[in-house]
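Have the sequence and the model open side by side. The text below goes from the pocket to the ligand and then to the backbone.

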Amino acid sequence: MIMPTLYGTFGSPFVRKVVVALGEKGVAFDHDPVPPFGQTAEYRKISPLGKIPAFRDGDRTLADSSVIIAYLERTHPEPALYPSDPYEFARALWFEEYGDGGLSPILGAKIFGQRVIGPRFFNRPCDEEAIRKTIDEEVPPLFDYLENEISNQQWLVADRFTIADIGVAAQFVNFQLAGCSVDAKRWPQLAAYVDRVHGRPTFKSVIEKEKAMFGGG
Ligand SMILES: N[C@@H](CCC(=O)N[C@@H](CS)C(=O)NCC(=O)O)C(=O)O
């Protein structure tokens with residue numbers, strides 16, 4: 001049997017989302033660690049925006065983590081990663097978007113990008129003052145919202161692990177790879193939640209590989 005291929009290097013929260021979804025569904029895959037820059041014209045045919053991840057399943061190709069996971073949910077319905085109730089389904093998509101569109105530009109681009117990617121790949125010294133400002137000003141409202149939403153629950157939506165948890169917790173790995181952690185005194189629910197989600201075997205195994213690549217954590 002030909003295995004599907006996931007394109008995109010570790011370190012990307014969006015690649016990580018798909019790795020976790022594939023793991024949760026027990027789908028074996030080949031991994032082609034395409035970097036997020038300098039891609040070939042060939043790669044751009046399957047990822048026209050030039051981003052990672054992309055995915056190949058036989059002669060079918062797809063780009064975008066949310067699109068790929070939605071496809072996997074149809075090809076491998078069990079275990080379901082999306083709630084069936086319409087409102088819970090929509091809430092789960094909302095939290096996925098909160099991760100992709102809300103947390104990623106801050107925890108990913110402004111913190112991990114500044115402290116890890118810039119110095120390592122672009123010979124750009126880290127601007128610690130910019131990171132401090134981001135952590136003091138932009139991070140707290142993002143974490144306050146999650147602290148309130150989690151409020152003693154194990155998972156964000158539907159009392160079980162869903163795409164909401166994949167989308168949100170994936171972004172916290174970059175925060176940790178940049179040497180940061182959630183202040184458990186200020187955000188106790190969020191800190192425990194991130195530990196809980198990262199403790200799942202699917203998250204654990206990708207995080208171990210990423211720590212080996214980037215250090216930190
Ligand atoms: N919405 C996309 C976002 C993917 C994304 O932004 N990937 C980054 C790496 S973390 C990338 O490829 N950046 C390169 C670029 O924007 O050209 C998804 O969910 O897959």
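On a 1 Å grid over the protein atoms alone, a pocket is an open set of points where a 1.4 Å probe fits, with protein on both sides within 12 Å along at least five of seven lines; a residue lines it if an atom lies within 4 Å of a point. Grid points are joined across faces, edges and corners, and a volume is the space filled by probe spheres set on the points. This is a predicted model, in which local features need pLDDT of at least 70 and side-chain atom pairs count only at pLDDT 80 or more, while totals for chains, interfaces and linings use all residues. Residues are numbered from 1 along each chain as its sequence is written, and side-chain values use heavy atoms, with hydrogens and water left out.

The largest pocket holds about 770 Å³ of space. Among its 31 lining residues, those closest to the centre are Ser12, Pro13, Phe14, Pro36 and Ile52. Helix 1 (13-24), helix 4 (86-121) and helix 8 (201-214) are the elements that each give two or more residues to this lining; helices (H or I, at least four residues) and strands (E, at least two) are DSSP runs numbered from the N terminus. Helix 4 supplies the largest share, nine residues.

The ligand sits in this largest pocket, meaning that more than half of its atoms lie within 2 Å of the pocket's grid points. Around the ligand are Ser12, Pro13, Phe14, Pro36, Lys51, Ile52, Pro53, Asp64 and Ser65, each with a heavy atom within 4 Å of it.

A polar side-chain atom of Ser65 is 2.6 Å from a ligand oxygen. An N or O atom in the Asp64 side chain lies 2.9 Å from a ligand nitrogen, and a backbone N or O atom of Ile52 lies 2.9 Å from a ligand oxygen. The protein buries 70% of the 510 Å² that the ligand exposes when taken alone, by the Shrake-Rupley method with a 1.4 Å probe.

Now the backbone. Most residues other than glycine have a negative phi, and most peptide bonds are trans. The bond from Ile52 to Pro53 is cis, with omega near 10°; Pro53 lies in the loop between helix 2 (41-46) and strand 3 (54-57). Another cis bond joins Glu78 and Pro79, with omega about -15°, and Pro79 is in the loop between helix 3 (65-75) and helix 4. Asn123 has a positive phi, near 55°, and is found in the loop between helix 4 and helix 5 (128-150).

Technical notes
A polar contact is a pair of N or O atoms within 3.5 Å; within protein, one must be able to donate a hydrogen and the other to accept it, and residues adjacent in sequence count only if both atoms are side-chain atoms.
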